[in-house]
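Opening the notebook on this complex. I'll jot down what I look up as I go.

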Amino acid sequence: MEKVGAVMVVGAGIGGSQTSLDLADSGYKVYLIESSTSIGGVMAQLDKTFPTNDCAMCIVSPKLVETGRHQNIDLSINCVIEDVSGEAGNFIVKVRKKSLFINPDKCTGCGVCGRECPIEAIDIFNEKLAKYGATSVKYPQAVPLLYAINREVCIGCGICYGVCKAKAVEYDREDEVVDINVGAVVLSPGFDEFIPEEANLYGYGKYKNVVTSIEFERILSASGPYSGRVLRPSDGDIPEKVAFLQCIGSRDYSGVGKPYCSSVCCMYTAKEAVIAHEHMHQIKPTIFSMDVRAYGKDFDKYIIRAQKQYGVQYIRSRVSSIKEVPETKDLRLKYETQDGKIIEEDFHMVVLAVGLNPPDDAKYLAEKFGVELNQYDFAKTDLLNPVQTTKPGIFACGAFSSPKDIPDTVTQASAAAGCVNQLLYEKKGTLITEKSLPPEIFVRGQPPRIGVFICHCGINIGGFLDVPEVTRYAKTLPNVVMSDRNLYTCSADTQTIIKEKVQEYNLNRVIVASCTPRTHEPLFQETIREAGLNRYLFQMANIRDQCSWVHMNDWEAATNKAKDLVRMAVNKARQIEPIERIKLSVTPKALVVGGGISGMVAALNFASQEYETYLVEKEKELGGFAKHIYHTLEGADIQVYVKELIDKIKANKNIHVFTEAQMENIDGYIGNFKSSVIHGEKKERTEFSHGVVVVATGAKEYQPKEFLFGQNENVILQSEFERLLNETDQIKNKKSIVMIQCVGSRNDEHPYCSKMCCAEAIKNALLAKELNPDLEVTILFRDIRTYGFKEQYYRKAREAGVIFIQYDENNPPKINSDLKVEVLTPRNDKIYISTDWLVLSAGIYSDREENEELAKMLKIPLNDDSFFLEAHVKLRPVDFATEGVFIAGIAHCPKTIEDSISQANAAVSRACTILSKDEIEAEGKTARIDITRCIGCGMCIENCAYNAIELVDDRRFGTVASINQVLCKGCGACSGNCRCSAIDILGFTGEQIFEMITGRI
Amino acid sequence: MTVQTEESKSSNEDWKPKIIAFLCNWCSYAGADLAGVSRIQYPPSIRIVRVPCSGRVNPYFIIKSLTDGWDGVLISGCHPGDCHYLTGNLVARRRFAILNELLQFFGIEPGRVNFMWASAAEGERFAMLVRKATSIVKKLGPNNKFEKKW
C-alpha cells in the first residue's frame, strides 16, 4: 500500500499538541482529534508547574493558540473514534464528530449564550467547585473558543437561540462521520486521575474539607473558584494546618488502588504545598509520604527549598485513618511515626495526592487501534523505544504509556513525531497546502489612508458603550478615510467587507477595534494580506476586554476610553510600515556530538531520512557508557542493542563517523553552521557545514572517595558488580552483599538524584539472588525511587528476600577494614552487617570542563551541576534557547536508557522542523540597528538572551552592533537599554510608542 | 511638550487620573484579557500599550509619558522566571530599580510610576493592580511637575 503523508494525533493535551506542531512544521498534514470540547488537557487546569513554579496558563496558551490555527493542523473537537483499518503507512480512521448544537463556523465565542443560560450545570474544568451554564466553553481561555450545548442538562428553553446574534445555535445539528486517511497514528489520550470516592478510605466525598490534589490545584489557581485564595470548602476559612497525603491510589497492593507508582505526585504535592504557603502565609503544610521520589532534573533542590524556605514539614508515614471533628469540621489524622509512636493530630484541611490511572477509554482505544495494553491497562510499549506500541505505525506518547510529568510527556511527544518522520519521510510535504496570495501593494512613503472597523461583538461591546459614537469619532481623526461598524468583525462575511473597503477606499492601514490581538490579530492580518496589503499594516484596539467588559456599569467612561484606545491605535497606525520577513537557506545536514546510545539513535534517525549526518565521538569506539550495562531493569539486552546500533551506523552511507574526535570550532547559526573537528590518531582536521546540532555528550560515573573505595578491593561500584554478575560466577561463593545508595548523589556538592541507581541496585540484587538464592543482599537507601512501573521490581526484590534499610543523610553507614558495615536505622537501632562485597551506587556526574567548552562554542548555558540547560524546563525540554541546537541523553540530566532514546528521537523531530524546509523565515517584528547612532558599547549584547547580537567592524562607523535577524525574537531587551536609541523593534518602534503616548489628548 | 487639560487641573473627588500602562504581550496583557473575559470591573483610568516584553520598555517611554501629562505610569511584565523571552523581565527589573531613583531625583513622587508583575492567569490580580495604582495616583493628584511655568 502506498504511504500517506498525513498523521492522526488522538488527544489534544500538551503531548498531542506538541506532536501535532512538530509534524505540521515538518511538512505533514495533521488531523488532531480531541474527545472533549477544547484542547490543552490537564496542563491547562494547573496553576503552577514544578520545579520552576511557572504559571501553567502563561506558558501553555501560546502553544495552544498556535496549534489551533496552524495551517497544517486540522483540529476536531468532541470526537469519537469509530473504526480503524489499514497498516503502517496507510490507515483509514472513521471519526464521529459529535454535534455541539452550535455551528462552529458561525460561533465567535462571544459567550452571550452561556451568560443567559438559566440552567446551572456543573463545570468540569473548575473541578466541581464553581458553576457554569448548560451552554459553555470549558474555560475562559479555551482553544478553540467555541461554545457547546450540553444536551444532558439543557431544558430547551430557547433563550440562547434568541440571544445569539451570529445565528450559530442549531438545536437540530447532527453528528458528522468522516473517514480520514493517514500514514501513522499517535495516541496521546493522557490519563484520568484516581477517584478516592471509590476507595472510601479517606473520607473524600463525605468530609467537605478533604479534597483531591487536582481540586486543590484549581483552588490555588487565580482563575479558580476562590480567585487564588486558599479557603476551605466547608466554611471559607483560611486553613492554617493543611495535610497532604501521598500515594492515594498508588503503590497500593490492597486492591483498592494501583500497585504502580504514579511518578508525579511527590513533586506536584511539594509544589502545591509551596504555592499554598506562598498564597497564604498562614498556611503550614505537612506532607505525609512513604519515599520522596524527586528523581527529575533539579527536583531534589525543590524539595529542599520547600522544607527550608517554606517550612514544609515531611513526615514519613502512611496515615491510617481520618475522622472529621463534627463541631469544627477539622480532620483528625492518626498515624505512626518512624520511631513507632502512634499520634493523633488535627488538621484544617486534607489534600489527597491522587495517582494517575490509565484513561477511561484506554481499552476502547486499544481495541479500535489494535494495540496491546500492559497489566495496568496503560499502552504496552517497546522496552527500549517507549513511544512504539505493539502495532507498527501506531505510536503512543505521554501518560498513556506510563504516568509521567509534563517535560517527559513533551519529550515523548516529539519522540513520537521523530518516529513518524522515520516512517513517512518520503511523503513529507505531499498533503499540505500553500495559499496563493496576491502581490503586495507598494505603500512605502505614501500618506497613510487608514480604515477603522469597529466591532459590536453582538452585544458584548455594543451593549456597554456607544459604538456608533466611537465610529463617528474615529472618522474625525487625521488620516482616517473611512470608519465602519460591524456586528461581528471576525465573522467570515466581514472579512469580505474589509477586503472590499481596502479596494474601495485605497486603504493602506487597517485598524480593527474589537477584542484581543492575542487571539484575533492573525485572522485580520491574513485578511488584509489577501487584500494585497503587507500583514504588518494592521493595528488593533482592544475595546472589549479592556473597555466594555471591565466597565460594564459606566457607559460614558467606557465610551471615552474606547475613543482613547482607537485614537492611540490610529496614532500608531500612522507610523507603521510594511515589514518583510527575511528568508534563509538551510543546509540539510546534521551534526551529532557524542556517540553513546543517544547520539547513535539520533544519527540513525537523521540518516534514515536521508539527511547526511556527522557523528563525533571522543573515544576510540562508539557506544558510550552503555557498554558497561548488560540489561535494563525491565529485561532489555543492552549489549545486543548497542552492537546492533554500531553495526547499523557503520553500514549507513549517510553517516560520517569521527572517533577519537573533538570539536574544534562550531560557527554560524540555525540552518547554516560551519564546523571543524580534530579526529583520529593522527589528529586530522575535517571541516563541514550543517543545519542543526544535537548535543549528546553523556556524563560519567562518580569515582567515590568514601567507603574505602580504592583502598579495599572488595568495595566495588555498581557497574563493576554488574560485570562480575554477568561475566563471572564469583557470586556463587559469596554469603552477603551490602549495597549503599546515593553515593555522591543528593549531597551538598551534588544536590541532585542520579535517577538510575535505585533501579540498577534492584536489578543487580534480583540477579544476584537468582544466581545464588542463599545470598543475603542488603540495600542501604535514603529513598527508594522506583517510579512508575519500576515499582513492581522493588516489590519483587522485597519478596525475594532483599533487605532494605533506610539510613539518614546525616548518619551515613560506617565501614571498617573487615567490611563490617554499621548502620543506624530510623528507630535508632545500630545494626552490624558483615559483607563480602560492598557495592556502591555511585552517582552520575557531568564532565564540567568538556561541557563548558562545548557550551561556549554553541553559546548554550549549563546549570549549576554543569548539565546542559534546555530552553524551557517544562515545554521545551529538548531545545536550547539558541535555535537549531538540541539536547539528548544524560548530558541533559541523569536519565534511563529508554528516556535517552526518547529524547534522541525527540531531538531529531525538533531538528526536522528546520531541516525539512528549503528556507526558513525569520520573525518579522525583530530588532533593527541604526549604525549611524551606535557607539558599539555592547550593552545590547549583555541583555540579549538569544545571542543574536555581536560587535562588528564597520568601515565607516568603527565598532558597531550587528543583529542576526534569524536569531532575534524581537523581545526588545536590547532596545530598552540602548542609550543612543540606535536599536528599534519593528512593529514596536520608539516612534510608534511615542505617538501612542502623545495620544492622551 | 506639556499638556494639561482643564479636567486634570481640578483636584477634587471627581477627578479621574489617566494612567498609561505598558503591558507585556505574554503575561500581563493576557492577564488584562482574562480580567475582561471574567468581567472583573476596575476603574476606567488606564490606557494600555502592548509591548512584546517588559524589557522593551525604554526608560524614555516612561519619562515621555510623564512629560506629556499622563498622571501615572504602570509597567507590568511576567513574574520573575516566567518570561517568554527568558530574561527580559529581569532586565526590566534592573532597569527600573535605577530609573526609580532618577525619577525621585526629578521630584516625581514614588507611586506615580509603578512596576509590577501579573501573569496570564491573574485576571483578578491585574484588576487589583489597576485599582491600587489608580488610588495611589488619585491621592497624589494631577501630574503637573512638567508643566511649563515660564
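**Strand β1 of chain B**

I started with strand β1 (residues 19-24) of chain B, which is mostly covered: 6 of its 6 residues are buried. Buried here means 20 or more other C-beta atoms within 10 Å of the residue's own, against 12 or fewer for exposed and partly exposed in between, with C-beta atoms placed from the backbone. Strands are DSSP runs of E, at least two residues, and helices are runs of H or I, at least four, numbered from the N terminus.

Before going on, a note on the source: this is a predicted model, where local features need pLDDT of at least 70, side-chain atom pairs count only at pLDDT 80 or more, and totals for chains, interfaces and linings use all residues. Residues are numbered from 1 along each chain as its sequence is written, and chains are lettered from A and ligands numbered from 1 in the order in which they are written.

Back to the strand. I checked which way the side chains go: B:Ile19, B:Ala21 and B:Leu23 point one way from β1(B), B:Ile20, B:Phe22 and B:Cys24 point the other way, and all are buried. In a regular strand the side chains alternate between the two faces of the sheet.

**Its partners**

Pairing needs at least two DSSP bridges between two strands. I found β1(B) parallel to strand β2 (residues 46-51) of chain B over 6 bridges, with B:Ile19 opposite B:Ile46. The chain gets from β1(B) to β2(B) through helix α2 (residues 28-37) of chain B, and this β-α-β crossover is right-handed (clockwise from the first strand over the helix to the second, with the strands pointing away from the viewer). I also have β1(B) parallel to strand β3 (residues 72-77) of chain B over 5 bridges, where B:Leu23 faces B:Ser76.

**A sheet in chain A**

Next I looked at an open, antiparallel sheet of 3 strands in chain A, ordered β33-β34-β35. β33 (662-669) and β35 (684-690) of chain A are the edges with a single partner strand each, so one side of each has no neighbour in the sheet. Strand β34 (residues 672-679) of chain A is joined to β35(A) by 7 bridges, and A:Lys674 has A:Ser689 as its bridge partner there.

**Confidence**

I noted an ipTM of 0.92 and a pTM of 0.87 for the complex. Chain B averages a pLDDT (the predictor's confidence in each residue, from 0 to 100) of 86, and 90% of the residues score at least 70.
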